[in-house]
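Subject: A structure for you to look at

Hello,

Here is the structure I promised to pass on. Please open it and keep it beside this note while you read.

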Amino acid sequence: MEFVAPSSIVVFREMVERVLAERAEFEREPLHLLRGEDDLAKVTMTASLLRDGDGKPSHVLVVADDDTELALLQGELRRQSLHDVLTGLPNRQFFTTHLETALRRADPEFGVTVFHLDLDAFGLVCNSLGGGVGERLLQHVARRLRALMSREQAMVARFDGDEFGIVVENTFLTPDVATTMAAINTDLAEPVFVDDHGLSVSVSAGVVHRPSPDVDPVELLRMADLALRQAKKDQRGQWELFHGNQDTERRRDHALAVVMPGAWEQGDIGVCYRPVRVLATGELAGVEAVLHWDLSDRCAELADQTGLILPMGEWLIRIAAGQAQWWRQRGELDAQFGVRLTRHQATDADLVSRVAKVVEETGLPHERLTLCMPVGVLGVAGAAENLSTLAARGVRIALEDFGLGPRDLAWLSELPIVSVCVPEELVHRMDPRSVALIPAVHELGVNICVDGVETAEQARWWTEAGADLAIGAHFGVPRDAGEFLQKL
């Protein structure tokens, strides 16, 4: 008994008593033995009853298995299950569990802030320099993030791939979100040498600041992820705060997007037409075909989110081309017909064959069809090739969301573009600085169309600025085929 720790004496005595009572062949209990004055050994004690030659009980045999190494191994396995092997940081599972604790104990006035970080252009590093360099870069980022947050009560974790999470339990001394993000990107911009390659990175981030303390941690991470996607939408090295009203709109959009196939199948989604006018005279310059759905005025954008836009977009071009050919054959309208392509459509490997099939089926001359691509996709593999191939076949190509800046202007000298469409936000702003390059666009033989003209003042301003064409409520709203002809 002198080897049994005081806290385990009762357990040990009861175990031996059960053995002597012959309730079972043996008894097993975890308990502690004394290894020294202040050192305890965690063991598993097994006691069994031995009998003599006559079968009578003679001794109690007690065996102690030292569990120290097993306990250490189990502890290490638990640690590994909650930590990222590459960086040693907590993983998503540990981070999510910790979030629940942090939310519960956070200062009611200052709350917590959750950052969801994503390394910009990390794929370029791995694809060009190899996965090994990418892994060492991730280790560097992990060390720097941990060092940057060392003054705060914070946890830094690595999620999947090149994504990291940070939760900060704020105090009155905690820097604001903008200061924290600036510090992170400034620090990571300092080059680090990996295999003689001087590398620096930036991060984009989604941020949830002072969420409700009773929010579910999984829901909180979803909010941060949504904000991150918004931050990375068209730029890098940016951060975005999560806003509840945006989430409500996004959820509504997602709900509409998933029911679109059924609505299309039932005929609830159709095609409408709106005029493209010459700004100076108001005469008809062309017709634009657009998808129409009573439930949303962003039909094409929603379809783009699910991939439905590929078959639906081909259907739109077919309906528009068929209607154009019908009007031409009846002598009612012989005009240029335009259709806008989404980002997904513009980069579709089958775009050229889809358009060729539609034109062949409807008989519409190639030169009577105008396809408008988002200017932002031209740097994506396949988009510029699609554009050039279609233009070579006679299809007229336009660019939308054209910002009238030097960067966008460069595309016009490289690709066969016939027209550019200035976005609504720029049209409504009517900023004299935004029209400085209009003469340069005209010198390249390209027309300028302004989108979303709603008032006579806007029409007059852009006419004087030198724009050629216009689309918008001031010149005609989208209508079905029959009503469109009546309102011309």
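This is a predicted model: local features need pLDDT of at least 70, side-chain atom pairs count only at pLDDT 80 or more; totals for chains, interfaces and linings use all residues.

Residues are numbered from 1 along each chain as its sequence is written, and side-chain values use heavy atoms, without hydrogens and water.

**Whole chain.** The chain has 18 helices and 18 strands. These are DSSP runs, numbered from the N terminus: helices are H or I with at least four residues, strands are E with at least two. The C-alpha atoms fill a box of roughly 120 × 50 × 45 Å along the principal axes. Of the 488 residues, 45% are buried (under 20% relative accessible area; exposed is over 50%, partly exposed in between; 1.4 Å probe, protein chains only).

Strand 1 (residues 26–34) pairs antiparallel with strand 2 (residues 40–51) over nine bridges. Pairing needs at least two DSSP bridges. Glu27 faces Ala47 in strand 2. Five residues separate strand 1 from strand 2 in a hairpin. Strand 2 also runs antiparallel to strand 3, again with nine bridges. There, Leu50 stands opposite His59. This hairpin also has five residues between its strands, and Gly55 in the turn has a positive phi of about 80°.

**One residue.** Val62 lies in strand 3 (residues 57–66). Is Val62 buried or partly exposed? Val62 counts as partly exposed because its relative accessibility is 34%.

Best wishes
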